[in-house]
Amino acid sequence: MTCGRIGADGSVVEPLTDDDLAALRDALAERAPEAVAICLLFSWLRPELEQRLREVVPADCFVSLSSEVLPEVREYERGMATWLNAWVGPRVAGYLRRLGGALPGVPVSVMQSSGETMSADQAAGQAVRMLLSGPAGGLVAAKHLGERAGFDRLLTFDMGGTSTDVALIEGELALTSEGRIGDWPVAVPMMDMHTIGAGGGSIAWLDEGGMLQVGPASAGADPGPACYGRGGERPTVTDANLLLGRLQADAFLGGDMALDRGAAERAMRPVAEALDGDVLTAARAVIDVANAHMARALRAISIRRGVDTRGHLLVSFGGAGGLHVCELAEALDMRQAMVPAHGGVLSALGMLVARPGRQLSITLMRDLGEADLQAAVTEALTRLRERAAAMLAPEGIVLERAEAVVSADLRYRGQSHTLNLPWTGAADTAAAFHSLHAERYGHALDQPVELVTLRLAVRGEGCGFRLPDWRADGRPDPRPVSVPGCGEVPLYRRETLPPGFAFAGPAIVAEQVATTWVAPGWRARVDDFGNLLLQRD
């Protein structure tokens with residue numbers, strides 16, 4: 001068995017010998033793994049042993065070092081991040097290699113879960129930092145569009161086919177190092193969002209007590225909702241929206257895909273019979289349950305954290321979000337909402353407007369009252385800046401001209417969890433920590449404050465992408481469609497609505513990648529970029 005162990009003080013407890021390395025080399029040759037994850041107990045203090053272990057791994061094997069993936073305390077979280085990086089790394093690296101080969105001479109950047117981009121060459125070895133890159137792209141785009149509409153306080157929900165991601169944006173995008181993917185903690189910095197299993201494909205079912213449930217099981221893309229006509233037999237949220245007339249059978253995906261109303265009715269009928277109602281009543285109940293799940297998630301990310309969202313803008317995106325935006329705003333007593341143009345693919349816009357950058361960290365484990373703390377912080381920041389400069393230089397970014405933000409994870413000595421605050425010196429940061437702890441948990445303690453991890457966020461300039469002004473293709477010429485409970489309502493084609501065009505609900509706005517239901521009591525106006533700004537009467 002390979003030896004080599006570092007103690008909590010950074011000393012070498014068990015040396016790594018040549019015999020150990022030879023034994024490891026032989027074991028790898030026998031097993032021929034696709035990837036290797038290397039995570040030593042205190043490698044965040046001294047990475048040398050992990051680096052020596054990497055030297056004996058075959059050149060064609062993907063290697064993930066914990067001291068590079070997440071050089072922080074907490075071996076379980078660090079180990080999970082290292083393992084996840086090794087698990088998905090070979091596939092990500094292979095994909096990026098093929099992409100680069102197909103685009104010779106073209107610089108390729110990849111979105112990170114933290115909302116910045118990084119070069120494809122470096123991303124190949126940091127796959128764990130891209131696990132939530134899609135949702136992160138949507139949040140970057142939502143912030144970008146919100147600012148252009150004059151809003152910097154947003155509540156967002158991204159509703160796709162299988163899940164919904166919700167987030168709160170108040171000025172800057174909030175990050176967390178306590179995210180999860182399924183059952184696994186992922187301690188690399190990522191957007192602070194909350195995910196639930198409620199999407200357009202979420203299946204409606206009755207539990208043993210006869211209560212209607214929606215999700216988390218999903219019909220997926222194949223066979224998909226029953227109304228897709230591909231063999232799905234269980235009712236979904238999409239089927240419910242079709243039965244309620246919010247989706248029109250001949251206007252889905254810009255009219256490129258016809259929906260089967262009869263199949264949706266057949267799928268919904270068992271639910272209707274169990275609820276002693278008709279299929280429209282059952283469809284309404286399915287939408288109500290799905291909305292309740294999403295409203296609960298939106299409250300968890302905002303109101304339960306003490307944020308009054310009544311003055312925020314609710315931004316809806318994802319293919320299914322526009323069908324629920326008005327009712328969710330009403331559930332949260334919000335009066336303003338936005339449905340971006342091309343909301344079904346909004347993450348693509350986020351990747352265009354995102355800035356290149358890195359999120360770096362180093363664990364210190366020092367009390368704020370220690371006499372030599374400032375020297376330790378200065379030394380740690382120097383090391384972080386050197387790493388950042390080396391990472392960004394291949395992308396043509398000079399560190400001195402980049403935006404750099406220093407923050408610290410702090411806790412009372414003896415606590416497990418930390419709070420992240422801007423680093424403004426020991427005394428001021430300690431005072432800010434006491435205040436934030438009291439605000440978050442209702443009390444502050446007369447205890448020493450410990451600096452656990454120092455963080456450096458570095459961002460370069462973006463590519464300068466600017467959305468073109470929206471231009472209508474044709475004239476607004478709505479056709480009347482039947483919506484149960486509302487009678488005939490106008491159905492507009494999104495691409496025909498010019499800037500400044502306004503109308504009142506109830507109405508449907510259909511486009512290639514999404515549909516929006518403007519509910520009764522709401523008014524809509526098209527802004528200069530084609531986004532629908534919704535206002536409740």
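Select α6 (133-148) and helix α11 (residues 346-353), which pack at an angle of about 75 degrees with their axes 7 Å apart; axes are lines fitted to C-alpha atoms over the stretch in contact, with angles from 0 to 180 degrees between N-to-C directions. α6 and α11 are therefore roughly perpendicular to each other, the term for 65 to 115 degrees. This is a predicted model, in which local features need pLDDT of at least 70, side-chain atom pairs count only at pLDDT 80 or more, and totals for chains, interfaces and linings use all residues. Residues are numbered from 1 along each chain as its sequence is written, and side-chain values use heavy atoms, without hydrogens and water.

Next, display the contact (heavy atoms within 4.5 Å): α6 contributes residues including Pro135, Val140 and Leu145, and α11 contributes Leu346, Leu349 and Met351 among them. By class, this contact has nine nonpolar, seven polar and no charged residues; Asp, Glu, Lys and Arg count as charged, Ala, Val, Leu, Ile, Met, Phe, Trp, Tyr, Cys and Pro as nonpolar, and the others, Gly among them, as polar.

Select Pro135, Leu139, Thr156, Asp158, Asp165, Val166, Ala167, Met193 and Phe317 to show its lining, meaning residues with an atom within 4 Å of a point. Three of the lining residues, the largest share, come from β8.

Note on methods:
1 Å grid on protein atoms, 1.4 Å probe; cavity = no way out; pocket = protein on both sides within 12 Å on 5 of 7 lines; lining within 4 Å. Helix = DSSP H or I, 4+ residues; strand = E, 2+ residues; numbered from the N terminus. Parallel < 35°, antiparallel > 145°, perpendicular 65-115°, else oblique.
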